[in-house]
Amino acid sequence: MKLTILGSGTSHGVPVVGCDCPICRSEDPRDKRMRASLYIEGDRGEKAIIDTGPEFRLQAIRAGIKKLDGIFLTHAHADHVHGLDDVRPLSRETPLPVYGNDETISEMKERFSYVFKETQRGGGKPRITPTVVSGPVILGGLTFTPIPVKHGMLDILGWKIEEKTADIGAAATDVAEKAPLPCVSKIFAVYLTDTSEIPAASRKIIGKPTVLIIGALRIRPHETHFSFEQALNAALEIGAEKVWLTHICHDCFHGEIIDYCRNFIKERGLTGISAEPSFDGLEITL
Ligand SMILES: [Zn+2]
Ligand SMILES: [Zn+2]
Ligand SMILES: [Zn+2]
């Protein structure tokens, strides 16, 4: 599967409206951060997205998104859902399922109430099917498992993304086409944005991901988001091999965050883990 970071910025994005700080004026393209979102492409052509922030339209055009099979929401804060209306052109043929926890789905329905009112026939509104999740969601060969985490006092979801791979042993292809394929849990990704605490029960669901994309706001602590250090410590506890930070604010240049991660690893003499800040447009293949 291929993952694309559509946005790596915090709620206000970077540059911040009206801000003249050196980071907001930076010419490094990696310092331009749209609101956080992840695009997932499965090996069998499945396409899904985690969160539809205010820049969804621009992000979808930039990444060449032509279809979606499912939308997975982490929570209903503006920076994660306010682009939902722009899935309209992708929902003409078939209504798009939108998955989230109970609170997120109710808030989304409130926020986009016009979508669910019978006001007109034909276009003009996205066709979406809100779905409260109680367990893993299967889209083709992809499995999305909800991971309950805390975002301050809010209960939100992270997502574990696994892909079934065919046993490509001799003559196995034919059988694999018909029979359900075994889920390989050794190589998978976990996406945890806007997290300030990972409950013990959720650590078990997370397992040991190959790729962990985790929200890390800044160096200074914050009530509802992990700092760089907290996110990296959580990644260490989880035992992720490759860590990408996301949901980043305008306190540091991209290059400074690279150095921060390098020092974190060097000071602790860690091996078998690498960590870096993500950036808009980053593609991760696994
Ligand atoms: Zn956010
Ligand atoms: Zn700034
Ligand atoms: Zn949030």
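Mentor: The protein chain has 7 helices and 14 strands. Keep in mind that this is a predicted model.

Trainee: How do I read the overall build? What radius of gyration would a compact globule with 286 residues have?

Mentor: With 286 residues, the rule gives a radius of gyration near 19 Å, and the protein chain has 19 Å, so the two agree. The C-alpha atoms fill a box of roughly 55 × 55 × 35 Å along the principal axes. Of the 286 residues, 53% count as buried. Now look at contacts between residues at least 6 apart in sequence: 69% of them join residues at least 24 apart.

Trainee: Now the metals. Which atoms coordinate the zinc ion (ligand 2)?

Mentor: Begin with the donor atoms, then check the angles. Here the donors are Cys19 (SG), Cys21 (SG), Cys24 (SG) and His250 (ND1), at 2.1 to 2.3 Å. Along the chain they follow the spacing C-x1-C-x2-C-x225-H.

Trainee: Is the site of the zinc ion (ligand 2) tetrahedral or irregular?

Mentor: Tetrahedral, with angles of 106 to 114 degrees among its 4 donor atoms. Four donors count as tetrahedral if all angles lie between 85 and 135 degrees.

Trainee: Is cysteine 21 buried or exposed?

Mentor: Use the cut-off: buried means under 20% relative accessible area. Cysteine 21 is at 18%, so it counts as buried. Cysteine 24 is buried too, at 7%.

Trainee: What are the donors of the zinc ion (ligand 1)?

Mentor: Asp79 (OD), His80 (NE2), Asp194 (OD) and His247 (NE2), at 2.1 to 2.2 Å. Their spacing is D-H-x113-D-x52-H. The angles among the 4 donor atoms run from 91 to 164 degrees, and the site is irregular.

Trainee: And which protein donors does the zinc ion (ligand 3) have?

Mentor: His75 (NE2), His77 (ND1), His151 (NE2) and Asp194 (OD) lie 2.2 to 2.4 Å from it. Its site is irregular as well, with angles of 90 to 172 degrees. The spacing reads H-x1-H-x73-H-x42-D. Distant parts of the chain are linked here: histidine 75 sits in the loop between strand E4 (70–72) and helix H2 (78–81), while histidine 151 is in strand E8 (residues 142–151), 76 residues away. Both of these histidines are buried.

Trainee: Asp194 turned up in both lists. How far apart are the zinc ion (ligand 1) and the zinc ion (ligand 3)?

Mentor: They lie 3.4 Å apart, and aspartate 194 bridges them. Find aspartate 194 in the loop between strand E10 (183–192) and helix H5 (200–206). At 2% relative accessibility, it counts as buried.

Trainee: How do I read a helix? Which residues of helix H1 (residues 56–63) are buried?

Mentor: List the buried residues, then see where they point. In H1 they are Phe56, Gln59 and Ala60. They cover an arc of only 100 degrees around the axis, which puts them on the same side of H1. The face turned away carries the exposed residues Ile61 and Arg62. Cover for the buried residues includes strand E1 (2–7), strand E2 (37–41) and strand E3 (47–50). After H1 comes glycine 64, with a positive phi near 70 degrees.

Trainee: Let me try helix H6 (residues 228–238). Its buried residues are Phe228, Ala231, Leu232, Ala234, Ala235 and Ile238. Where do they lie on the helix?

Mentor: They fall within an arc of 155 degrees seen down the axis, so they line one face of H6. Glycine 239 follows H6, with a positive phi near 85 degrees.

Trainee: One last feature. Is the peptide bond from valine 14 to proline 15 cis or trans?

Mentor: Read omega. It is near 0 degrees here, and the bond is cis. Proline 15 is in the loop between E1 and E2.

Terms used:
Residues numbered from 1 in each chain as written. Chains lettered and ligands numbered in written order. Predicted model: local features only at pLDDT ≥ 70, side-chain atom pairs only at ≥ 80, totals over all residues. Heavy atoms only, no water. Donors = N, O, S within 2.8 Å, 3.2 Å for Na, K, Ca; no water. Tetrahedral: all angles 85-135°; square planar, octahedral: opposite > 155°, others 65-115°. Buried < 20%, exposed > 50% of the residue type's maximum accessible area, 1.4 Å probe, protein only. Helix = DSSP H or I, 4+ residues; strand = E, 2+ residues; numbered from the N terminus. Arc of directions from axis to C-beta. Contact = heavy atoms within 4.5 Å. Rg over C-alpha atoms; globule rule 2.2 N^0.38 Å.
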